[in-house]
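User: Could you walk me through this model, one question at a time?

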Amino acid sequence: MGSLRTDSRDAAASAPAIELIDLAAQQRRIRPGLDAAIARVLDHGRYIMGPEVGELERQLAAFSGVKHAISCSSGTDALLMPLMALGIGPGDAVICPAFTYTATPEVAALIGATPVLAEIDPTTFNLDPSRLGEAIDTARKLGLTPRVVMAVDLFGQPADYDRIEAIAADHGLLVLCDAAQSFGAVYKGRRVGQIGRVTATSFFPAKPLGCYGDGGAVLTDDDGLAEALRSIRAHGKGGDKYDIVRIGINGRLDTLQAAILIEKLRIFPEEIKARNRLAERYSSGLAGAVATPAVHRGCESVWAQYTVRVAPERRDALARTLAGRGIPTAVYYPRTVAEQPAYRHFPVSSGGIAASTTVSREVLSLPMHPYLEDETADWIISSVRAALASVGAP
Ligand SMILES: *Cc1c(COP(=O)(O)O)cnc(C)c1O
């Protein structure tokens, strides 16, 4: 394998290891700014709700084109807090895709609501709007009140919101966007944050815009909701810290993480372009060899992951062969929510989730980050093609 690598990559012996997500390359680029930003926080010492938190919130709101950005402690809390603010609870159904990260249905279950697992479109990995109605019917037949559609923008691409919002409106549901992976993406002229009633995003280090710990934000144009979210984030405070008007959580973002995010946000637009260039290179290089991810017309993904599909019986062999060539891959996610032991008892949409299940057996994510060089991308492409030739066509 080493010799193959030497053939295709100049000076391969000294080439740095390929990373699935190269946070070190990004850090090298902005290290002086990060050091100065962190030093400013150490100097002023306002570690909780320091001035950087408000500054970041203004910048996130401006970037997304929304009225309010409420920073918080994680993407999970960014999903949980709107459900709390909207009074969702026992007896309510929250429609979630069956193929997503655990945090999506988790927050619904945490507040005592029932996540109802709906089918996805296997080409985009997002909720299939044509199957949403049956999930809503399933919830009603179970005696639940469908209240929320939690659409997930998996791997960085917004879900098909025009159709999802229309169906949600018909049934009186509100749309909560799980944009943990899609901050900065665009859906038909609307940037993430401007879609649905409220949007949650994550700044977990590996997300497209990540900090150096846990972090998240809620985006909304709704003044009343924003006020409730700021209260919930701080233990349900009212006019002052010791006036508690509702049950809340400790959901604040650290000042240090806000300072780091301000530095990273400066280069984020450029990074989104670089991610898109890499995705285009992969998609043209891999066409015909694997099922490449589809992007809706009028959408711009931020490519949290570049995820291809290969036949289930060949996926693991492909991953092993690539690993042997120094190319890391990952499977997001190897099981549907319905197959998780803790979630097995939650209802699945009556039409089933065959596509979600199939996709979980087929997905493989390739290295994706803004600092992956063309030469490395070409090496990955030729390695996938060669590996599939040796393990059989997809
Ligand atoms: C990462 C992620 C979350 C949770 O975000 P955290 O910041 O890790 O709490 C929620 N939903 C999806 C789809 C995610 O990818």
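Here are some questions and answers about the chain.

User: Glad to start; what kind of model is this, and what pLDDT do local features need?

Analyst: Residues are numbered from 1 along each chain as its sequence is written, and side-chain values use heavy atoms, with hydrogens and water left out. This is a predicted model, in which totals for chains, interfaces and linings use all residues, side-chain atom pairs count only at pLDDT 80 or more, and local features need pLDDT of at least 70.

User: How many helices and strands does the chain have?

Analyst: Happy to say how they are counted: helices (H or I, at least four residues) and strands (E, at least two) are DSSP runs, numbered from the N terminus. On that basis the secondary structure comes to 12 helices and 12 strands.

User: What is the radius of gyration, and what does the globule rule give?

Analyst: The radius is taken over C-alpha atoms, and the rule is 2.2 Å times the number of residues to the power 0.38. The chain is as compact as a globular protein of its length, because for 394 residues the rule gives 21 Å, close to the radius of gyration of 21 Å.

User: What share of the residues counts as buried?

Analyst: Buried means under 20% relative accessible area, exposed over 50%, and partly exposed in between (1.4 Å probe, protein chains only). Of the 394 residues, the buried share is 56%.

User: Where is Lys188, and what is its phi?

Analyst: Lys188 sits in the loop between E6 and E7. Its relative accessible area of 43% makes Lys188 partly exposed. Although Lys188 is not a glycine, its phi is positive, about 40°.

User: Which residue in E12 is the bridge partner of Val308?

Analyst: Strand E11 (residues 306-309) and E12 run antiparallel, joined by 4 bridges. Strand E12 (residues 363-366) is covered on both faces, with Val363 and Ser365 buried on one side and Leu364 and Leu366 buried on the other. The bridge partner of Val308 in E12 is Leu364.

User: Which residues does Arg230 contact, leaving aside its neighbours within four places in sequence?

Analyst: Arg230 lies in helix H8 (residues 223-233) and is partly exposed, with a relative accessible area of 30%. Contact means heavy atoms within 4.5 Å. With those neighbours left aside, Arg230 is in contact with His68, Ala69 and Ile70.

User: What is the phi of His235?

Analyst: His235 is placed in the loop between H8 and helix H9 (255-286). With a relative accessible area of 41%, His235 is partly exposed. His235 is not a glycine, yet its phi is positive, about 60°.

User: Which peptide bond is cis?

Analyst: Start from helix H10 (residues 312-324), where the buried residues include Arg315, Ala317 and Leu318. H10 is followed by Gly326, with a positive phi near 80°. Tyr333 lies in the loop between H10 and helix H11 (354-362). With omega near 5°, the cis bond is the one from Tyr332 to Tyr333.

Definitions and conventions:
Pairing = 2+ DSSP bridges.
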